[in-house]
Structures are given as structure tokens and as C-alpha cells.
Amino acid sequence: MGHRLQLGIKAWLVLLSLFSAIPVVLFSGFTIYRLGSSQQDAQVSRLSYRATAAAVAIEQRVGAMLATLRVLAQSDAALQGDVPALYQQAQRLLKIMPEAQLIALVDADGNSIFNTAVPLGITNSNVNAADAVQAVFRSGRPVISDLYIGSVMKTQSISINVPVLAGGKVAYCLRMSVPADIFSQALVDQAEPPEWTVALISQSGTIIARNRLSERFVGTKTSAAMIAAIAGHRQDIFDSVTYEGIAVKAGMAHIPETNWAVVIGAPTAALNAGLYQSLWIMAVGGVSLMAGGLAASFWLARHLRPTHIRELDQMGIALGSARSREEQVSAELSESKTMEATLARLVEELRLSQAQVLQTSARFQALLKTASDGIHTLDEHGDLLEASDSFLRMLGWEAEEAKGRNVVDWDACLAPEILLPRLRGLVERQQSDVFETKYRRRDGTLVDVEISCRGVHLDGTRYLYNAARDITERKTAEAKIQQLAFYDSLTHLPNRRLLLERLAQAKASSSRNGTHGALTFIDVDNFKTLNDTQGHRFGDLLLREIATRLRSCVRESDTVARFGGDEFVVMLEDMSGNIDEAAVQAEVVTEKILQVLAEPYQLENHLHFSTVSLGITLFHDKETSNDELLKQADLAMYQAKAAGRNTRRFFDPKMEDILAAQSALETDLRGAIGTEALFLYFQPQVDRRGRLVGAEGLVRWRHPEKGIVLPDDFIPLAETTSLILAIGAQVIEIACRQLKAWNDDPATAHLTLAINVSARQFRHPHFVDDVQDALVRSGIDPHRLKLELTESLLLQEMDDCIRKMRALERLGVSLSLDDFGTGYSSLAYLKQLPLGQIKIDRSFVRDVLSDSNDATIARTIIVLGKSLGLCVIAEGVEEPGQWRFLLDEGCDQAQGYLFGRPMPAAEFLRHARRPAAAMGFDGRPFVH
């Protein structure tokens with residue numbers, strides 16, 4: 001019986017050990033598993049947090065570049081199509097934005113107007129990311145391109161493309177090329193721990209940037225599943241596989257401005273490592289606990305002897321049920337102590353696991369403290385939860401001071417009743433926002449910041465993630481760009497673009513308040529002379545001084561602008577509602593301007609006297625366009641110049657009729673050039689015997705409605721435009737062809753033909769070559785072609801005139817000085833000129849019989865011409881007495897109505913063939 005009892009006790013001991021260990025093992029394992037699972041959940045939650053942080057960092061960088069490029073696209077140079085000025089502004093912009101590679105201007109056909117990477121003037125029709133450019137022209141909105149290889153820089157890049165508007169339509173696309181590696185570096189800064197994979201992916205699935213192996217994978221396409229996740233704006237954590245074949249848990253954050261997405265992948269193995277470690281601890285602990293219990297049971301059973309068992313048996317019989325109860329309690333107590341020891345070990349393991357969590361949290365806090373932006377999180381009420389060191393430094397706070405603060409304590413722009421509901425809405429809807437505001441520092445100073453924020457829900461907690469970036473330098477750069485876009489760089493006055501904006505506002509204000517405004521157009525008289533004689537540096541000094549004086553003549557509320565070149569515009573506002581009173585007010589101001597600007601200017605060591613001409617127009621409502629008002633003031637200014645300069649003129653509606661007629665005439669004249677509508681009339685020239693020796697060719701214009709138009713009606717208009725050059729060239733061609741035709745008739749083969757040459761035509765650098773080409777094409781004798789030059793032509797650039805005249809003389813062309821006596825050239829120069837003839841102006845011939853002064857002048861010119869060995873011809877001879885007087889004084893030739901009016905070529909030919917062509921007015925030869 002003792003042997004059976006011994007076996008029974010050993011068995012019971014083993015069973016007791018096993019059953020006691022099972023609940024302890026299960027409880028400990030559950031606790032360890034939950035701890036490992038919590039660690040894994042915390043790591044997964046960090047994926048969303050880090051993805052959001054990376055997306056905000058990229059969004060801020062792209063947003064800053066986009067905002068800067070928009071300012072450049074709205075500059076005055078861009079809107080006016082001033083390509084050289086815009087190119088210079090783009091070059092200066094690149095100096096303050098080192099992350100940009102180049103800036104280019106592209107037209108609707110995809111042609112590059114300029115590219116800052118190459119000198120201005122080198123164009124390129126092969127524009128990268130052309131789809132983005134076309135999208136800008138279609139939508140009129142900024143477009144961020146996909147990744148491409150730059151044709152100039154040969155690097156992987158993206159482009160930021162913004163429209164340049166003109167008249168409400170997209171005229172050009174301004175594009176900034178940015179290397180993709182700047183985004184890769186930003187992702188490296190966001191990767192924590194480093195083994196995590198962070199990628200920036202476009203909507204098309206192209207990898208734009210990557211924190212690891214970027215040189216290998218940037219530019220490749222991601223998986224179809226990832227493209228679908230990006231297109232669907234997926235928000236949850238999902239399983240994926242990297243290009244290296246690593247299974248990861250992935251989190252995603254979208255960037256609305258670009259339609260890009262930031263994807264962060266944490267290796268699944270790393271995330272599960274803590275959980276696997278907990279399961280391993282649970283398994284090892286359970287096995288150890290059960291093995292220890294079994295070993296103790298076997299040891300106890302082996303050391304029990306039969307005598308001990310019998311004694312126990314007797315004691316059991318003696319004690320009965322009471323003693324059995326005591327043994328049961330003792331066994332339970334032993335089991336309790338064993339469980340206590342196990343729980344103590346579990347507590348120690350839990351403490352170690354908690355230390356690991358704290359270590360992970362410490363790394364996160366270290367990352368938060370070293371962030372360059374002012375990272376901080378708020379709850380839905382705007383109370384500060386966490387703040388990075390950079391945020392505290394930005395506001396000048398210590399960590400203890402920041403505790404318990406609310407966003408209204410440092411935001412200096414938005415009122416609490418506006419700011420707090422706005423933030424609360426972002427938290428509730430989990431939306432993101434980017435806006436600018438000002439933060440109030442501890443010392444009361446303000447700092448400009450850009451806030452990127454996003455509402456986040458994690459583990460049942462709602463909070464607002466914020467990244468504050470100090471944009472003081474960017475604001476300074478934007479201010480510089482603003483200065484370039486709206487102000488003249490020389491005088492620092494508002495430029496044309498800003499003037500037009502203020503003019504539109506002034507018209508609306510005048511219409512609303514029933515007042516008048518005035519627009520004064522100011523042009524500096526003879527400004528070109530100063531530039532030509534003293535140089536452009538003195539011209540710039542004068543313009544600066546004029547700008548300073550103009551500002552002193554008007555009120556603070558008025559506008560003084562530099563319109564361009566030597567032109568200024570003064571806009572007066574809030575004048576009387578009565579038009580007569582407003583005109584008087586404008587006249588008082590303009591009179592003051594004339595007086596102040598007429599005072600001498602001290603330009604370094606040079607005392608300069610200058611005046612201006614002013615044109616004034618009044619406005620009362622917004623119906624008249626800006627262009628119309630400027631045209632009116634400009635037209636009035638030209639009237640002031642025509643009146644003698646240094647004066648003012650108000651706009652008269654009759655001026656517009658004159659201008660419209662001139663404009664229509666100019667259009668018709670352009671159409672006539674190069675056609676037979678322009679032709680020559682010929683006026684006979686005779687010698688002292690009345691014999692026909694030549695003719696003067698006088699241009700005429702056959703207008704389809706006006707008939708034959710005389711040169712006095714269209715040559716002045718042609719002189720003010722470039723048309724005179726084309727007309728002069730055509731007249732030379734006609735003259736050479738006519739001389740060629742006269743060669744075939746004995747009556748005209750010996751005749752010379754004189755034509756007038758304008759000053760502008762003569763000063764053209766290719767004038768001599770053009771004359772030579774016409775002579776060669778016609779094959780005529782050059783001596784029969786006579787060019788008449790006005791005396792006023794010799795007033796400027798005398799040396800150049802002499803060189804050209806000698807070159808024409810070498811060609812064999814004869815030169816005549818027309819209208820002699822009406823100019824102011826020095827007689828000392830006259831003997832140097834290779835002239836063959838001088839012509840007495842008709843103004844002296846007309847009254848030569850009745851005005852002794854005219855007679856003396858005509859006599860003097862003849863004597864002077866003879867002394868210089870020149871032929872003297874008089875024009876405007878209409879009476880026999882005039883011609884007899886000129887013959888008596890020794891005049892060689894004459895032309896005028898006495899010998900024949902200007903006539904067409906066919907009629908002139910008939911005139912030349914008549915025997916009576918050599919006869920005078922009364923039928924008798926004029927022979928002396």
C-alpha cells in the first residue's frame with residue numbers, strides 16, 4: 001500500500017506543477033503580446049505622421065517657387081512683352097533662388113523665346129515637358145510638370161509653369177526648371193529611422209525623388225497598385241513591396257498643388273520584430289516555468305521514503321478531514337508563491353519593454369527638436385501640445401513658458417473668432433491648408449511665417465499638425481521682385497503698369513464721387529541732344545532730377561510715373577466736380593511743373609538747362625479707357641511741342657479727327673509704296689537762253705479717292721515715320737528709269753533730272769550703296785542724275801555728310817544745295833562741300849522786284865555761287881521781270897511757271913519736242 005501511495009503522491013505533484021503553470025503562462029503571454037502589438041501600432045501610426053511631415057515640406061518648397069515665379073509672370077516686362085528686360089529680371093531672380101536651374105519663356109507654338117541657361121537671342125524649339133506648357137495655354141493656370149531630362153542641363157528635373165497674360169489671354173508660358181535631387185535631399189531629412197523608404201511620386205506614377213538609391217530609381221515607374229492608390233487618394237496604411245523587394249507597411253500623404261504623393265514604407269520585418277520578440281519571450285518563459293515545476297515535483301517525490309509515507313498516512317488517518325484541509329491550503333500557498341515569482345518576472349520584462357518604447361519616443365522627440373521648421377501640434381481648441389526647439393526659438397520662448405499657451409497668444413494677424421473656427425474645421429475634416437500670417441515674438445516684434453497645417457485623427461485623438469516657416473527672406477525677395485515689376489529702376493517712380501492700375505482705380509473713384517481727375521503727359525524737350533553730346537550718364541542724372549522735382553510739385557495722393565524713355569505722366573485725383581474749375585486746378589499744377597522743371601540742373605560739374613512739353617486731359621468717369629486717355633494726353637503734348645515747346649496744351653476733340661485722318665492717310669500711303677500710285681511730275685529747267693537743260697522730278701501720289709495728292713500733303717507724314725525711306729528709294733528708281741527712257745529721244749537725251757533727298761534718307765547708312773545699285777540697274781550716265789539736298793541737312797553730323805557727298809561725287813552724281821539762304825550752315829563749310837549747284841529759294845525770288853532785301857539776298861547768293869565756281873539756279877520764277885532781274889545779276893538757270901508747270905512724263909516729252917520750248921513768256925528768247 002505504501003508503494004502505491006508513493007506513486008500517487010509523485011503523480012499528484014507533477015500534475016499540480018503543470019496545472020499551476022498554465023494560467024501563469026497564459027496571463028504572461030497575453031501581457032507580453034499586447035505590449036509588442038502596441039509597439040507595432042505606434043510604429044505604424046508614425047508612418048502617417050512622417051508622410052504628412054514630408055508632404056508639407058515638399059509643398060512648402062514648391063509653393064515658394066511657384067509664388068515667386070507668379071510675381072515674375074505679372075511683372076511689367078512680362079505683360080508688355082519686353083523680352084530683354086524680362087530676361088534680366090529672370091537672371092536676377094535665379095541669384096536669390098539657388099535651387100532653380102533656369103527660367104525660360106515659351107510661346108504657344110512651343111518655341112523658347114529665351115532661356116537663362118544660354119545667352120539671349122539663342123532660341124530652341126525643343127522645349128522639355130511640352131505637355132505641361134500646352135496645359136498652361138489651355139487652362140490659363142499654373143501646371144507642375146512630370147519628371148524629364150533637361151536638354152540644357154542634362155539632369156532629371158521638373159518644371160513649374162505659369163501663364164503670362166496679355167489682354168486676358170495667355171500670351172506666353174514662364175517656366176522654372178528645378179533639379180529633382182533637391183526633393184530627394186528633403187526626403188532624406190524626413191526618413192526616420194533611415195531604413196525606412198520615402199518616395200515622392202507623380203500622379204502618372206513616376207518616381208520624382210527617393211531617400212535611398214535615388215540615382216537608380218528616380219525616373220522609373222512605380223507599380224500599378226501604387227498608381228491606383230495615388231489616384232484614389234488612399235489614406236489608410238497598406239501593404240506594399242519596394243523596388244528592392246522588401247515587404248513594407250506604407251503610409252501616403254497627398255500634395256494638392258502638384259497632384260504628387262509622398263509614400264513612406266517601413267519594413268514589415270522591422271515592424272514585427274518587437275512582436276516576434278514578445279512571442280519568443282512568452283514561449284521561453286512558459287517552457288521554463290513548466291520545466292521548473294516538473295523538476296521540483298520529481299525532486300520532492302524522489303526524496304520521500306516509505307517510512308515518511310507511512311507516517312503521513314497515519315497522520316492523515318488521525319487528522320482526518322481537518323488535516324487534509326491543511327495540506328490543501330499549504331499546496332495552494334505554495335502555488336501562490338510560485339505565481340508571485342512569475343508575475344515579478346513579468347513585471348520586470350514589462351519594465352524593459354516600456355524602456356524600449358521610451359527610447360523610441362526619445363528618438364522621435366530628438367527629431368522634432370532638430371527640425372528646421374517650427375513644428376508644433378495643437379488640439380482642436382488651439383492649445384499647444386508639442387513644440388520643436390525651432391518653434392520656441394522662433395518666438396523667443398523657453399519650454400516652460402510655452403506650456404498651456406493657445407494659438408491666439410502668438411498669431412498677430414487673425415482674430416480669435418476667425419482663427420479658432422478655421423483651425424477646428426481643419427481638424428474635424430482632416431484637411432490641409434497653407435497660409436501666411438505673422439507671429440508675435442516674446443519681445444513684441446513680428447515675424448512673417450508661412451503655415452502648413454493638416455488635421456489628423458490618430459488612436460481616437462484629434463490634433464492639428466503645423467509647420468511654421470520663417471519667410472522673412474522670401475518676403476524680402478518678393479519685395480525686390482515687386483519693385484522690379486511695378487517701379488522704374490532708374491527713378492524709382494511707378495512704372496507704366498502700376499500707373500495703369502492706379503488710373504483704373506482713379507476713374508472708378510471719380511465716377512463714384514462725382515469728381516474730376518487729370519492726366520498730364522510730360523516729354524523732355526531736346527533730351528536726345530543731351531544724350532548725344534554729354535552721354536547717357538548725364539541723361540540718367542537729368543531724369544532722376546526731373547523725377548525728384550515732379551514729386552515735389554504734387555500732393556501725396558497724386559501719382560508721378562515714368563512712362564518710358566524721357567516721358568513722364570502725372571495723375572491728379574480728387575479735383576472739382578465742375579469741369580471748368582477742374583481745368584483751372586490742373587492748369588495751376590502744370591504751370592508749377594513748367595516753372596520748376598525749367599530751372600537749371602546741376603549735373604555733376606555741368607550746368608544744364610532743360611524744358612518740357614505737357615499735354616493735359618481730364619477724366620470724370622470710368623467709361624473712357626486707359627489707352628484712350630493716354631492717347632489724348634499724348635496728342636495734346638505733341639501740340640505743345642508744335643507750339644514751340646516749354647508749354648502746355650489741353651486736349652481738344654478736334655485733335656482726334658486730325659489724328660484719325662492722318663492715321664488713315666498713313667495706311668493708304670503704306671499701300672501705295674512699291675506701286676505705280678507713286679510717280680513723278682517733271683518741271684522744266686532752262687538756261688540763260690531759255691533752252692531746256694533739265695527738269696526737277698516732283699513726286700505725286702494717285703489716291704483712289706482724293707485723286708492726285710501733292711507732296712506737301714503726305715511727305716511731312718512720311719518724314720515722321722519710316723515711310724520716307726521707302727518713298728525716297730522708289731523715287732530714285734523712277735528717276736533712273738526715266739533717264740534711261742529719255743536716252744532714246746534726241747529731244748531729251750541731253751537732259752538732267754534733279755530729285756529731292758530728305759535728311760533722314762540721306763543719313764541712312766546704306767544711302768550711297770542704294771544710289772549706286774539704282775545706277776547700275778538702269779545703266780544711265782550718273783552725271784545726268786542730280787540730287788538736291790536741303791541746307792538744314794548740313795546742320796548736324798557735317799563730317800558724315802561730307803563723306804557721303806564725296807562718295808556720290810566719285811560715282812559721278814551731281815549735287816545741288818536746295819533752298820539756299822533759308823538755313824543756318826556756316827559758309828566756311830560751303831567751300832568744302834563737293835557741290836555743283838546752289839538753288840535760290842522761291843521765297844527770295846517772289847518779291848525780288850518789290851523788296852530790296854530779297855533783291856539783295858538773291859544778288860548775294862549769285863555772287864557767292866559764282867565766286868565758288870558753282871552753277872546758280874533760281875526756282876519759283878513766274879514773271880518775265882523776275883527772270884530779267886536774275887539774268888542781269890548773272891543767274892545761270894531757272895525753273896518756274898514762266899517756263900512750265902510740273903507735268904506728267906508724256907506731257908513733258910511733248911513739251912521738250914516743241915520748238916517753242918526755248919521761248920519765254922512773251923515769245924522772245926531771254927538772251928542777255
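Trainee: Which residues in H15 meet which residues in H16?

Mentor: This is a predicted model, in which local features need pLDDT of at least 70 and side-chain atom pairs count only at pLDDT 80 or more, while totals for chains, interfaces and linings use all residues. Residues are numbered from 1 along each chain as its sequence is written, and side-chain values use heavy atoms, with hydrogens and water left out.

On the H15 side the residues are Phe527, Leu530, Asn531 and Gln534, and they meet His536, Phe538, Gly539, Leu542 and Leu543 in H16, contact being heavy atoms within 4.5 Å. The residues of this contact divide into 5 nonpolar, 4 polar and no charged (nonpolar: Ala, Val, Leu, Ile, Met, Phe, Trp, Tyr, Cys and Pro; charged: Asp, Glu, Lys and Arg; polar: the others, Gly among them). Helix H15 spans residues 527-534 and helix H16 residues 536-553, and their axes come within 6 Å and cross at roughly 140 degrees. H15 is therefore oblique to H16 (under 35 degrees is roughly parallel, over 145 roughly antiparallel, 65 to 115 roughly perpendicular and the rest oblique). Helices (H or I, at least four residues) and strands (E, at least two) are DSSP runs numbered from the N terminus, and axes are lines fitted to C-alpha atoms, for helices over the stretch in contact, with angles from 0 to 180 degrees between N-to-C directions.

Turning to the strands, an open sheet of 5 strands has the order S8-S7-S11-S10-S9, with antiparallel pairing (two strands pair if DSSP finds at least two bridges between them). Strand S8 (207-210) and strand S9 (238-241) stand at the edges, each with a single partner strand, so one side of each has no neighbour in the sheet. From one strand to the next the twist averages 35 degrees.

Within this sheet, strand S11 (residues 260-267) has 8 of its 8 residues buried, so the rest of the structure largely encloses it (buried is under 20% relative accessible area, exposed over 50% and partly exposed in between, with a 1.4 Å probe and protein chains only). Both faces of S11 are covered, with Trp260, Val262, Ile264 and Ala266 buried on one side and Ala261, Val263, Gly265 and Pro267 buried on the other. Strand S7 (residues 197-201) runs antiparallel to S11 and is joined to it by 5 bridges, with Leu200 standing opposite Val262. Strand S10 (residues 247-255) pairs with S11 over 8 bridges, again in the antiparallel sense, and here Lys249 stands opposite Ala266. The hairpin of S10 and S11 has 4 residues between the strands, and in it Asn259 takes a positive phi near 60 degrees. Helix H7 (residues 224-231) lies across S7, S9, S10 and S11, running at about 35 degrees to S10.

Gln761, in helix H22 (residues 759-763), counts as buried at 7% relative accessibility; leaving out residues up to four places away in sequence, Gln761 touches Leu725, Gly728, Ala729, Ile732 and Phe767.

Arg440 has its place in strand S14 (residues 432-440) and counts as partly exposed at 33% relative accessibility. Beyond its neighbours within four places in sequence, Arg440 is in contact with Leu395, Asp409, Trp410, Asp411, Ala412, Thr445 and Leu446. Arg440 and Asp409 are 31 residues apart in sequence and 8.0 Å apart in space, C-alpha to C-alpha. The loop between helix H12 (416-429) and S14 holds Gln430, which has a positive phi of about 55 degrees although it is not a glycine, and Gln430 is partly exposed with a relative accessible area of 44%. Asn646 also has a positive phi of about 55 degrees without being a glycine; Asn646 lies in the loop between helix H18 (626-642) and strand S23 (648-650) and counts as partly exposed at 37% relative accessibility.
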